[in-house]
Amino acid sequence: MRIAIDHRTRYRFTAPQARIVQMLRLTPCDTRDQTVVSWMVGVDCDARLRDATDGLGNAVTMLYAEGPIEEIDITVTGEVLTVDSSGVVHGSVEPLPPMLYLRTTARTTLGNDLPAFAAESMTGAGDPLDRLHRLNAAFHVRFPCVPDAPDTGLTAAEAFARGRATSRDAAQMFIAAARGFEVPARYVSGYRIDSSAQSAPHAWAEAHVEGLGWVGFDPATGLSPDDGYVRIAVGLDALGAASIAGTRIGAGDEELDVALRVSEE
């Protein structure tokens, strides 16, 4: 599938900013399952952009802008060719061992209710892959409407207890539950073709299965990612794979506006 992406993020500040430094995880990497045909990251003010690779193998762009800055637009446009691999990730850059992704973070704490839910969802399952598919399907049944929305800041346990979730929350719940059963799991940010309104990139999870490698699971659908997905960045949780993260020097508040279109060409 040929997927076109047009993603704009606009920050407005109530007071001019003296300096902005941001890490942009907005660029996909080539794998055997996706090929980047064209990709451009742009900014509407005088800024230095420096491409690099982080410790997890993600392509990142460092943005440095000197003020005074009252607003800044970051735009991403590109096209990616994808193939359906039944969720199995082939040819990704993996600088670290899978065991790293057993590490629990503040955002992926299990709490009191998630372990019992996960154990019940896996009842009667056969091999490890079957258990993970059952867990993924159970989250989709529990949270049938999971929109792409800005980060709520909730932990996996808090989102589960609340009873409603975004795709980010659902991915973190799956990760926390999988790690509770000693399965390495990680957060994935990217894009998905979806007819509904999108106000943020999509999120899903990957778990490491012996003999297969990394396999994607999307609690938003209860299925594995197909060729309608573009994989951008991985992390231990939503914070570690955030599309834009950084700091600013200046007083006042900021307003965020996101416009996103993902379509098949």
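The model is predicted, so local features need pLDDT of at least 70 and side-chain atom pairs count only at pLDDT 80 or more, while totals for chains, interfaces and linings use all residues. Residues are numbered from 1 along each chain as its sequence is written, and side-chain values use heavy atoms, with hydrogens and water left out.

Start with the domains. The protein is divided into domain 1 (2–80 + 244–264) and domain 2 (83–241). Such bounds come from an automatic or database domain assignment. The centres of the two domains, taken over C-alpha atoms, are 24 Å apart. Where they meet, 24 residues of domain 1 are in contact with 31 residues of domain 2. Contact means heavy atoms within 4.5 Å. The size of an interface is often given as the accessible area lost when the parts come together. Here the area buried between domain 1 and domain 2 is about 2,200 Å². Carbon and sulfur atoms give 59% of that area. Buried area is the accessible area (1.4 Å probe) that two parts lose on being put together, summed over both.

Now turn to the strands. Helices (H or I, at least four residues) and strands (E, at least two) are DSSP runs, numbered from the N terminus. Two strands pair if DSSP finds at least two bridges between them. Strand 4 (residues 59–82) pairs with strand 1 (residues 2–24) over 18 bridges, in the antiparallel sense. One example is isoleucine 3, whose bridge partner in strand 4 is valine 80. Strand 2 (residues 34–43) is also antiparallel to strand 4, with 9 bridges. There, glutamine 34 has threonine 82 as its bridge partner. Strand 3 (residues 48–53) runs antiparallel to strand 4 and is joined to it by 6 bridges. Aspartate 51 stands opposite threonine 61 in strand 4. The hairpin of strand 3 and strand 4 has 5 residues between the strands, and glycine 57 in this hairpin takes a positive phi near 95°.

Next, look inside. In soluble globular proteins, nonpolar side chains tend to be buried together. A nonpolar core is a set of buried Ala, Val, Leu, Ile, Met, Phe, Trp, Tyr and Cys residues joined through side-chain atoms within 4.5 Å. Buried means under 20% relative accessible area, exposed over 50%, and partly exposed in between (1.4 Å probe, protein chains only). The largest core has 59 residues. Phe139, Met173, Phe174 and Tyr191 have the most contacts inside it. Helix 4 (residues 167–180) gives the largest share of this core, 8 residues. Both domain 1 and domain 2 supply at least three residues each. Apart from this core lies another, of 10 residues, including Leu56 and Tyr229. Phenylalanine 139 is in contact with Met173, Phe174 and Pro219, among others, leaving aside its neighbours within four places in sequence.

Finish with two single residues. Threonine 9 lies in strand 1. Is threonine 9 buried or exposed? Threonine 9 counts as buried because its relative accessibility is 5%. Beyond residues up to four places away in sequence, threonine 9 touches residues including Ile72, Ile244 and Val258. Serine 243 sits in the loop between strand 8 (229–235) and strand 9 (244–249). Serine 243 has 15% relative accessibility, so it counts as buried. Its contacts, leaving aside neighbours within four places in sequence, include Met23, Arg25 and Pro201.
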